[in-house]
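Colleague: I would like to learn how to read a protein model. Could you take me through some features, one at a time?

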Amino acid sequence: MDAPAADAPAPADRVELTKPATADAEPPAPDAPAAPTAPGAPTAPGAPTAPGAPTAPGAPTAPTGFAAPADPWAAPASAMAGAPAGAPAPPPPSPGPPPAASGWAAVPPGSMSGFQPGYAYPQAPGATNGFAVAALVTGLFCMWPIALVLGIVALVQIPKRNERGRGMAVAGVIFGVLGVLATLLAFLGVLAAGVDTSDRADRPARAPKAPPGSVLWSSLKAGDCYNPPGNAAGSAPEDGDKTVFWVLKVPCAVPHHGEVAGTARIPDGDGPAYPGETRVRDLAADLCGPVLDDYALDYWAVPDGMEEVYLYPSRGNWKSGEHDVTCTYEDRYAQHRGSVRTDRAGLSPAQLAYLEAARAFNTAYWNEPDGEVAGSRSEYLAWARQMADASRKEADELSRRSTAWPDGAKAKVAELAAAQREAATAWDTAAKTADDAALEREVRRAKAMVTKSAKLTLDIRRELGLSTGEQVGDIQV
C-alpha cells in the first residue's frame, strides 16, 4: 500500500456513513487511492459528497439533500481507528439477512404487530347501569326526589364502570329537578293563596270576589236579615260548619233565610295567637247562647226550621283583627218573613215575668248531654244538678207576689210552680245516685214530670196571649 501524501491531512477518527456496495457490485481495487476531498474541508457523517467526486463503480448514490442512513453492519468506530486510508472495509457479519436496499432504515416486521406502545386498548361498554334505569322509572312515576338522587348516583358510576345508561340517568335527573320545582311552586302558591291549614286545610282565609249586592258576614248587626249568595242555601253540611264570606243583606219583610241576633267578642285570654278552629267554635256556642236567648226571649215564636247558627272567624279573619262571633237564627232550606225578635216594649208585665222565669229553665233543658247515660255518667250528673237549680228558680219566679197575673192564668201559674218544685226534687235525687241504672231511671222520671207540665205551660201561654207554637211557617210582624 502506498503511504499517504505528506501534505494531506491526517484521517479523522470517525465513521464514513456511506451505503455499502451491493452484493453484485465489483469491489474496488485494493491499492486504489482514496478519493480526494477539498483541502481543509472535513467530511460530515452522512453529508453528500462534493460534485464530481468519484465513487466506487456500480455503487448507488444517496439522494440529493438526504443523509445516507447508518449501516447497522458497519464496524464500530474503534475498529476503523488507525486503518490506513483506502483500506477495504471489513466484511459484514454473517448472521441475519442484509437490510432492504432503501434510503430509509427498515423496521423489523415483528415490531408492527399488535398496538403501538403507550396507547390503551379500547374497552367495549359494559351492561346498563341499574341506577340509571331506576332513575328513569321513578321519574316517570312522579317519584321525583328519588329519581333525582338515583340519576346523580348513576352519572357518577357510569364513567367509572364504563357502563351504559347515561341518557336514562340524565332523564331521571331532569324529571327529578322539574318535579321538585313543581312541588315547591305549588307549595308557594298555596301559601300565597292564604289557605288556612291549621285545623281544616279546605278553608281558605282569603275571600273570593264579592257577588253583586253582598256584604261581609262580619259587617252584619243585630236585627239584620240576610240570604246566602247564589245557590249556597241548603248546601251546608249536617254538622252546621260551612265557609261563609259574603251574604246578601235584605229587609226582614221580604223572604229570607237568616236573621242576626247580635255579636260577641272572643276574649283574649288565650293570647294574641289564633286559638284554633275547634276552640273558637266552642267559644262561639258559649258566647252566643245568652245573645240568642235575649234576642228571641219568646222562643216559641221562632218558626220551625230556624236554628241557632254561629259565624266565627277563621285564622285569616283573626289576623286581620276580626275577633267577633256573629249569632244568628237561620233556616238553610226555607225562607221566612218577619222577625223573631221579642219586642219587650210591646209585652205586658205578666208576659215579661213569665218569659223571664221560663228562660233559665229552657236554656238548661236544651243542654242535655249527648249519648247514653251509661257512657256519659259525669255529664248527666252535672246536668241533673243544673236542672234542679233551674226548676227551683222558675218556681220562685212564678211565685213572686209582685206579679199581677190575669185571673184566667193565676191558678195555672201556681200549679206550674208546684210542679217545678217537685221536679227539682227529682233532679236532686238523680244528681245523687251512684249507680248508672239508678241514674238513668231518675233522669227518665224527672223528664216525665217536665213533659207532664207541658199542658200547663200551653194553657198559661194561651191565657197570657203569648205564642203557643201553632204559628204558620212565616212570622207576620
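Modeller: Start with burial. A residue is called buried under 20% relative accessible area, exposed over 50%, and partly exposed in between. Cys-142 has a relative accessible area of 48%, so Cys-142 is partly exposed. Keep in mind that this is a predicted model.

Colleague: Where does Cys-142 lie?

Modeller: Cys-142 sits in the loop between α2 (130–140) and α3 (144–161). Look at its backbone too. The phi of Cys-142 is positive, near 65 degrees, and this residue is not a glycine.

Colleague: Now the surface. Which residues form the nonpolar patch?

Modeller: The patch is made of Val-133, Val-137, Leu-140, Phe-141, Met-143 and Ile-146. Together they have about 560 Å² of accessible area.

Colleague: Which element gives the most to the nonpolar patch?

Modeller: That is α2, with 3 residues. Val-137 is found in this helix. Its relative accessibility is 39%, so Val-137 counts as partly exposed.

Colleague: Let us turn to helices. What span should the 22 residues of α8 have?

Modeller: The expected span is 1.5 Å times one less than the number of residues. Helix α8 covers residues 377–398, so it should span 32 Å. Its end C-alpha atoms are 32 Å apart, which agrees.

Colleague: Which residues of α8 are buried?

Modeller: Among them are Tyr-380, Leu-381, Trp-383, Ala-384, Met-387 and Ala-388. Further along, Glu-394, Ala-395 and Leu-398 are buried as well.

Colleague: What covers the buried residues of α8?

Modeller: The cover includes α7 (349–365), α9 (407–431) and α10 (436–452).

Colleague: Next, rings. How many aromatic pairs does the structure hold?

Modeller: The structure holds 6 aromatic pairs. To sort a pair, check the angle between the ring planes: over 60 degrees counts as edge-to-face. The rings of Tyr-380 and Trp-383 have planes at 85 degrees and centres 6.1 Å apart, so this pair is edge-to-face. Both residues lie in helix α8, 3 residues apart, which is about one turn of the helix. Tyr-380 and Trp-383 are both buried.

Colleague: What kind of pair do Trp-383 and Trp-427 form?

Modeller: Trp-383 and Trp-427 are edge-to-face, with 5.0 Å centre to centre and 75 degrees between the planes. Trp-383 lies in helix α8 and Trp-427 in helix α9, so the pair ties together parts that are 44 residues apart in sequence. Check burial again. Trp-383 counts as buried at 2% relative accessibility. Trp-427 is buried too, with a relative accessible area of 0%.

Colleague: Which residues form one aromatic cluster?

Modeller: Phe-361, Tyr-365, Tyr-380, Trp-383 and Trp-427 form that cluster.

Definitions and conventions
Residues numbered from 1 in each chain as written. Predicted model: local features only at pLDDT ≥ 70, side-chain atom pairs only at ≥ 80, totals over all residues. Heavy atoms only, no water. Helix = DSSP H or I, 4+ residues; strand = E, 2+ residues; numbered from the N terminus. Buried < 20%, exposed > 50% of the residue type's maximum accessible area, 1.4 Å probe, protein only. Contact = heavy atoms within 4.5 Å. Phe/Tyr/Trp six-rings, centres within 6.5 Å; stacked < 30°, edge-to-face > 60°. Patch = residues over 30% accessible without salt bridge, like charges linked within 9 Å, V, L, I, M, F, W, Y side chains within 5 Å. Areas by Shrake-Rupley, 256 points an atom, 1.4 Å probe, with all protein chains shown as cover. Salt bridge = Lys/Arg side-chain N within 4 Å of Asp/Glu carboxyl O.
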